[in-house]
Amino acid sequence: MIKFVLMVNRQGQTRLSRYYDPVELNRRTLLENHVVHCCLSRRKDQCSFVDYKDFKLVYRQYAALYIVVGVTDNENELSVYELVHNFVEVLDKYFSRVSELDIMFNLDRVHIILDEMIQNGHVVETNKSRVLAPLTALDKMADG
Amino acid sequence: MSDVVEKTLTALPSLLSLDSQSGATKLSSTSKLGNLIRGITELTSKHEEEKLIQRELASIKEQVSSPNTSMRQMKELMVRAIYCEMLGYEASFSYIHAIKLAQQGTALEKRVGYLAVSLFLNESHELLLLLVNTVLKDLQSTNLIEVCMALTVVSQMFPKDMIPAILPLVEEKLNHPKEIIRRKAVLALYKFYLIAPNQVQHIHNKFRKALCDKDPGVMAASLHIYLQMIQENPEGYKDLTASFVTILKQVVGGKLPMDFNYHSVPAPWLQIQLLRILAFLGKNDQSSSEIIYEVLDESLRRAEINHNITYAILYECVKCIYTIHPKSELLEKAAKCIGNFVLSPKINLKYLGLKALTYVVQQDPKLALQHQMTIIECLDHPDLIIKRETLELLFRITNAQNVTVIVEKMLEFLRVNKDDYTTIDLVGKVAELAEKYAPDNEWFIETMSTVFSVGGDMMQPDIPNSFLKLLSEGFDSVEEDRKLRLFAVDSYVSLLQGEPGKLPQRFLQVISWVLGEYSYLREELEAVTVLRLLAKLLDMKSTSSETKSWVLMAMTKLCEGGAGVSVAQEVCEAYSSSLDTVLRQRAQELQHLSQDCELRARVLPRDASLEPLEVDSSLSFLDGFVSEALAAGAAPYKPPHQRQEELAQAKALSLEPYSLSLPISMSSCSIADRQSPTLLSVSSGLSGESPDLSHKGGSTMLKLDGVKRVWGREGYLAQREPVEESAHVEVPSPLRSPSQQGDADSSHSQTPTPTPTPQPEQEKQQLASSLFVGLGSQSSVCLMGKSEQTTQRFRRKAKGPVSSSGAGAQVSNSLVSTPNTANNLLYNNLLDSNITSELTVSSLEQTSQLSQGPTAANGTCDVELTDGDMKESSPSLVRDNGVVAADPAPHEDPDRPEDLCLNTHLPAEFSGLCHSEITLLCSNQSLDLSACHVQKEDSLALVVFIYNSSDSDIQQILLELDSDELEVSCVCDSAVQEARSHSVAVCQYSLTVKRPSVHVEVVGMVSYQFPVGTPQSVQFSYKLPLTSFIRPLTVSTEEYGTMWLDFSHDTKQKLTLISDGQEPLVDTLNVLKKKLKLHVVEIIGMEGIVACRLLQDQPCLMHCRLHAGTLSVWLRSPVPDLPDCLMYYCQRALQEH
């Protein structure tokens, strides 16, 4: 099961966070700091899966941005690793060449996309066009 | 092909950078959100961030409440509030506005409103109720996008109590022409199933319809529900096995539309989901497994594209193959597949390969042999994560022959590791291996010393506890015990002579205890030398006061002889004025006992730690004190959780301004605090209040364990035997000699062997031979039955003989906990000392046993003699029941009616019912009063027999009964008036419990009169155990779940497990069921739920979980004290077993 999805930049600033396992607000900052530290301190040739307390972190780096997913021990790490990439591909499709600023300025849309893909800690949709369908419909309504 | 894919993958990330400004252009530079984002990107310190966000929050607060704010502006405000919360600053004032935005906005504004709600609120937040109406409205909307949004938010979070309000609408959507609506409706039902499975029980056929939906997306969504349901009850869905196989075949065969592909692999996540379902269905089921084999074979074959996602599928395939009923052909393929993983140069694949191996070696250790060289390489891998995973693998293949090498590797890792969590976990594993497979005493003590030094003060407290328990309980051979203890003493003395300042506190405590207890074994070692060493510890600044108290305790045991006394006196002087009361107490004890040898010998006899202690865990001996205090106006005791709860509720009350929503808010609040174990057992593992918050985590872990263990080993082994034979040949034989004894040493010895292999390579092979020794053909058998069949050096002795008095719970002096508890005990004795002389005597004995070491005991023995044993128990126990108060000494009447005779007087309606031994309560010259209780299904009857032993008739008999704990009512037609000479009169009473207590007592008085003479009266009392009032409660798991949430009184404790059989949990629960008349509702894997009721209808629920060899029991009931009392009886029942 997926416990959370984080997007952080190399300076350790959170750009997006979504928790599927309730974590109190005042604990999140500390957790994020630890998690980011765990991932940022690793070299490129090292394994993308890290033990963190009683669960695991799966992270993937895209330029200055890290996407970190916390998963339970029974999760298939590699499938989550690829899920992250699928997510980025969807973002790339929507924003056409997505950048960190796209994500910052469209935090709501990124969340909406993520909500289509992961719910309750499970992968619910990975088909790119289907993931984007509700959001593009909303955009059309706003334009029209 | 693969290279191309890899290139496109690596090309993509470079697109993600700050250079592209496309996103920024969409927003005007003057927008407030733009300003905030710019501000955030320019931050340089935490302090600046705080200033910026506080300013931002103030500005948002001002705008949201303004009536002129448009919904469009509100949307932007919500995004800004989301930012603030994301950075960790609460914006709770905006929650209500998020709900308003969801309600009043249109299109994207509405969606952002819903989004903000789902980000801001947790599932039990009371504001969520305000969303219900909006959701209802949107579900009925003609705008599909709005329906979509509502369904999305419902499948993310919804108040459980309100499900019925929207369920019909959601069900209706299952037939919607649009696939997206159907899909989201299924996901919403999945959410309902997760939070309230009983609410959607009636629509299981609709799930089937969704599974058969023509759209693959809807079908895929229904798999979430099925995975969940099948995990809980695989038996119920076996008929679907073929359907899932067909679906997987179609997916693998590329029958889905192209847009489901991910890098040319058809719907990989769907494949993984299906494989997980199949694994559950095929587990322990040959016929279902037969159906699955073919598609697994095809999946393995089809996965030819060299891409990560293919490996992710393969990993799931391998796991499935090793979970279901084995088929040798597939197993071979899976093994080869694992080979591809571990040999891959890609580190992520290597990791996954190790993880797969770890899973697989438990069933087939031979596989570890095949990959031994890779494993050795991974052991030296620069990436600690890989190393750690390799150690995990080695941990699973440890046996008596390779334990030294593997433990050495683990300790090596521990010395460089910096992560606390890993240290705690690994230290526990080393301790477990050391205890299980230690080759000799020296090694064991040394390894444990390293464990204590490395593990320091963060390791699990049960490691030192169980170590000390092991030392004190000993094993089967007295001589071995002596040697082990002696070695420990030697080793610790030399440690103390070195630099004790560097040792962790826990280790010092262990050392103190061992020296105090066993240093007499080393005859040439003078007690005063040890005393001086210990005294040195007291002077160190770093020593904590808890450790000091252990040290003083040890000194108390050692202070003999002139020199010893003088050291002790010095210490006493220093600490008898300590500010720490515990230390002062210890110093006082030391002072007194060092001066009085005789008393010391009595209080602290040598080597007596094994003698069982009697502990009354319900502290019933304090009842008198408590009732006095209550009478004096003290508030009744409430357990901590109840206090907290009341506090929380009080808080909720004071904070909640809306009187209308009060009852709902309170119920939702309680739902947050106490989740039902049947619904979501993760909660028991993860919630902070859980007593066994272990490093293993929640039930997800727990369920995986189940997967591993339940796998049918025996059948599998028989089948594999010939294969293993041949495997043995493949084993690269050790270089030096194939003899297995030398192997363990080979890694340490540096003797160069003439061989053409280069030096490092040779070392590796030596290491390999020592690591994988014992995994060959003959020993693989013993490895399979790891815990049982290997020669376990430190096999724990069976518990000492249990004394037959039966009063109080028996706890062997188990050296747990801090000395403070023992201290409590001394205190308790003081309180009790004025009650009876008998009590003080036995308390003194207790003290003497307890003071030997810090113990867990926190109660004195219970001098009260129980009856309670039903008919089958020995009658000798029973006679002491009554207490004659009014009349002088009971006379011996030779022709007193025997119990047997009285049996015939038992009212006819009770024949065939279980009744207690008929007990004599009191007797005098003229009458004998006896009683027994009869357990009827729905009540408990007390039958009093009045036997007139005189020669004249007795008249005007009046029997009055009263009880603090019980409601006594006379069964009216049985009131007696008179008893003829030498005959028996019988009275019946019906008893119900007013206030649960471990033992309940009825006191009474009989007044009577002879035809000539004055009225006389006799008083008596009758005690009976609470268990007589316990009856099984038959409920279903769902009912149990709902009831669980409603009950407010609970208690938790770890109990001993009955582990002599195959299934400890089932055995243990059966014992409880038999002895206490409980109803076992269901056993799922490592957990069991049990229900009973206290007459008449006061339920008590029990949730048990296997955890680290003990049974974590959680009792819950609406009746105060009932859980505590029942816990006492459970403990007793298990110890008597």
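Reader: At what angle do helix α9 and helix α11 of chain B pack?
Author: In this predicted model, α9(B) covers residues 144-156 and α11(B) covers residues 179-195. Their axes lie 8 Å apart. The packing angle is about 20°.

Reader: Is α9(B) roughly parallel or roughly antiparallel to α11(B)?
Author: Angles under 35 degrees count as roughly parallel. The angle here is about 20°. α9(B) is therefore, relative to α11(B), roughly parallel.

Reader: Is the crossing of α9(B) and α11(B) left-handed or right-handed, and how does the contact divide by class?
Author: α9(B) passes α11(B) in a left-handed crossing. On the α9(B) side, the contact residues include B:Leu144, B:Val147 and B:Leu151. On the α11(B) side, B:Ile180, B:Ala188 and B:Phe192 are among them. By class, the contact has 11 nonpolar, three polar and two charged residues.

Reader: Now the pair α27(B) and α29(B). Why are these helices oblique to each other?
Author: Helix α27 spans residues 478-497 of chain B, and helix α29 spans residues 527-539 of chain B. Their axes come within 10 Å. They cross at roughly 50°, so α27(B) and α29(B) are oblique.

Reader: Which residues of α27(B) meet α29(B)?
Author: The crossing of the two helices is left-handed. α29(B) brings B:Leu533, B:Leu534, B:Lys536 and B:Leu537 to the contact. Across both helices, the contact residues divide into five nonpolar, one polar and one charged. From α27(B) come B:Val493, B:Leu496 and B:Gln497.

Reader: On to strand β8 of chain B, residues 940-948. How many of the residues are buried?
Author: One side has B:Leu940, B:Leu942, B:Val944, B:Ile946 and B:Asn948, all buried. The other has B:Ala941, B:Val943, B:Phe945 and B:Tyr947, also buried. Both faces are covered. β8(B) is largely enclosed by the rest of the structure, because the buried count is nine of the nine.

Reader: What is the bridge partner of B:Tyr947 in β11(B)?
Author: Strand β11, residues 984-993 of chain B, pairs with β8(B) over eight bridges. The sense is antiparallel. The partner of B:Tyr947 in β11(B) is B:Val984.

Methods: Residues numbered from 1 in each chain as written. Chains lettered and ligands numbered in written order. Predicted model: local features only at pLDDT ≥ 70, side-chain atom pairs only at ≥ 80, totals over all residues. Heavy atoms only, no water. Axes fitted to C-alpha atoms, helices over the stretch in contact; angles between N-to-C directions. Helix = DSSP H or I, 4+ residues; strand = E, 2+ residues; numbered from the N terminus. Parallel < 35°, antiparallel > 145°, perpendicular 65-115°, else oblique. Left-handed = near helix turned anticlockwise from the far one by under 90°. Contact = heavy atoms within 4.5 Å. Nonpolar A, V, L, I, M, F, W, Y, C, P; charged D, E, K, R; others polar. Buried < 20%, exposed > 50% of the residue type's maximum accessible area, 1.4 Å probe, protein only. Pairing = 2+ DSSP bridges.
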